[in-house]
Amino acid sequence: MPEIEPIITDEEFETAIPSLAEDEELEEPLESIAEFERRIAAEQAQAELAEGQEAPLGESALADGDAVESIGDAPIRDAELVAPLPPLDEFEVAPVEFAEAETDEEAVEIAYGVTINGLEEADADAESDLRAMFDDLSALEDGDGEAANVAQVAARLTEDSALIQRILAAEGWYEARTTTRIDRSEDVTGQPLTAVIDVVPGARYTFSDIVIDAPPVEPENLIRDNLALQVGEPIVAARVQGAEARVAVELPQNGYPFAEIGQRDILLDQETQDGVYTLPIDTGPRSRFGGIRTTGDLAFDAEHVEVLSRFERGELYDSRMVDDLRQALVATGLFNTVSVVPERTGEEAGDGTEYATILVEQEAGPPRTLAASAGYGTGQGFRLEGSWTHANLFPPEGALIGRAVIGTQEQGASATFRRSNAGRRDRTFQASLEALRADYDAYEAFTGRLSALVSYDSTSIWQKPFTYAYGAQIIATNEQDFDLVQNELVRRTFFIGGLTGQVGIDRTDSLLDATEGFRVTALIEPEGSLQDGFSPYVRARIDGSAYFSATDAITLAGRVRVGTIQGIDRFDLAPSRRFYAGGGGSVRGFGFQQLGPRVIYPDPDFEFDPEEPDEVADLIYRPLGGRSLNEAAAEVRYRFGNFGLVGFLDAGQVYESTRPDFSDLRFGAGIGGRYYTNFGPLRFDVAMPLDKREGESSFAVYVSIGQAF
């Protein structure tokens, strides 16, 4: 860089600027603010006044401006400024007074109407109701024809104009144009304003090509066959989303658990009014079921999860089986949360596939529950039942259940061990010990029972076409019966041992509310009296029902039941093991167990009153039960929304003989209401006997969950 000649030399600078070091005042400490103020005041007092200038006021004259006083004024101080603030609860606020009094008049609103021009042609071509879609989402329609002012109407009009364009674009009209205006009416009696939207839909775009960007799959047309879009069809957003959703479902159901649907691209051509649709898909590897792995706070291990699964290792992956396993886990009631997801392993499974591990993440819930239920039935009275359950006391799914029943005609307690999903899904083993007192019109019994039962039943998530049950029981019971020979009540003790076998076929569409199909159940119970040797006999019963939907709202239903007891006389059979009919699950219109042979006798507890010589004992109508029965029922069920009405006719009878002869049938008719819930219909039936006989009730009421059959 070239040298620059200085403006002045350093010597000249030092000479012109005195040295600060020579100033002694700079070394002195700074004076305080108070000293500074006193020094300035003294200097001002000694200063000479300029021509026309008044002398400054002293401190004593500041209050009233009087410069010459014998006693100076006090310094200016406002005591309120230094006073403490009052507490909030003592603070008083003076109300504000307005220049004009307030009124209770409501804000004035203006009325308006809505008119849409030009939408009719597009609405006729679209599969959806465009005007209905607009009415559901419209800000103008939501305002119910009233607004605070014209500006609010204009804002709603602008919003709805954009709404119509979005609706049309979703149906393939991508170049729709709208204009808006507000018309004023001369008719003061009607709506003074009309919000008008003029619509020009333009051309409707269609698919010119459909491109699937995905690796090869098996079968090769799996994706294309399930992507329900065709060249030449209008580009409808809902249809596109539905087609993509179907592909996203079908791929995991056909061996591709890790498939991911990418972001679609639709390239529109304004000249040809069509578009090229491209859908990228990452299918992931084609997979087969591998092992099961479980983590978290476990309710049971992976081995028991495998019992619940309905797939085997090596089977092609199907997401429906995974969903079914998830539902089965939830149905155990042992989890707060549980998830079931596939995991990639990279392990080859042959045929270009690999194994996918099923990961079950568990969070066990509280195993103990308390439950209670209450009910009432004509002939059965009130009944209150409570239970305590530890659902996983003996893992896996080994439950201990304690029950107690208190009712007008039943009292008892029981303890049950139940193993759910015992070695097989939905197979249950249970062993029970119970003590029960029952006091019905037909008999009074004190019963102890020890039983064991293995059953394979349908559940709410898996309705099975074939079910079965088998078991054994030992019964000791002391029961009151009417001896026709002695013509009096007698009490006898019975010891009974027996086996149980049941099979069922179910071809209906629902467990609790069937509308199509049929069911057949056969029960056989070989039993024997253990008193004075072994006296065998057999109890057998067959139940069948059928359902037919006459229309979407009307279902016709029918039921039959036939039963027989072979190998024993009625009097030698414990009253509780005989057949009875009547009641909500039998022949409605009659009391519980009221049909069949019966005996009539005066009340033995009647006490004669000498003062009432004409008074007679009440008659008791005691059912005796029988060794055979037949029942039938027909219903017409009409459903509207979540409600329904049912008309029904029931028939049945119990016979002393071992074979039902279908004579002397008794009929009951009635009407019922239904309320349909997600777990089945709630039932309320009222029925009356036809050809009512002495001792029978005029009507009966039944309340329960589920259809009568």
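Student: In helix 11, how many residues apart are Asp 323 and Arg 326, and what separation is that in helical turns?

Tutor: Asp 323 and Arg 326 are three residues apart in helix 11, so about one helical turn separates them. This is a predicted model, in which local features need pLDDT of at least 70 and side-chain atom pairs count only at pLDDT 80 or more, while totals for chains, interfaces and linings use all residues. Residues are numbered from 1 along each chain as its sequence is written, and side-chain values use heavy atoms, leaving out hydrogens and water.

The side chains of Asp 323 and Arg 326 form a salt bridge, with 2.7 Å from N to O (a side-chain nitrogen of Lys or Arg within 4 Å of a carboxyl oxygen of Asp or Glu). Side chains of opposite charge can pair when their charged atoms come close. Asp 323 is partly exposed at 35% relative accessibility, and Arg 326 is partly exposed at 27% (buried is under 20% relative accessible area, exposed over 50%, partly exposed in between, with a 1.4 Å probe and protein chains only).

Helix 11 spans 319-331, and the loop between helix 10 (302-308) and helix 11 holds Glu 312 (helices are DSSP runs of H or I with at least four residues, strands runs of E with at least two, numbered from the N terminus). Glu 312 is exposed, at 51% relative accessibility. Its C-alpha atom is 9.4 Å from that of Arg 288, a residue 24 positions away along the chain.

Across the whole structure a search finds 46 salt bridges. One of them joins Arg 286 and Glu 218, whose closest N and O atoms are 3.2 Å apart. Arg 286 is buried, at 16% relative accessible area, but Glu 218 is partly exposed, at 44%.

Another salt bridge connects Arg 437 with Glu 444, the closest N and O atoms being 3.1 Å apart. Here Arg 437 is partly exposed, at 24%, and Glu 444 is buried, at 14%. Elsewhere, salt bridges that share partners form one network of Arg 588, Glu 635, Arg 637, Asp 650, Arg 674, Arg 683 and Asp 685.
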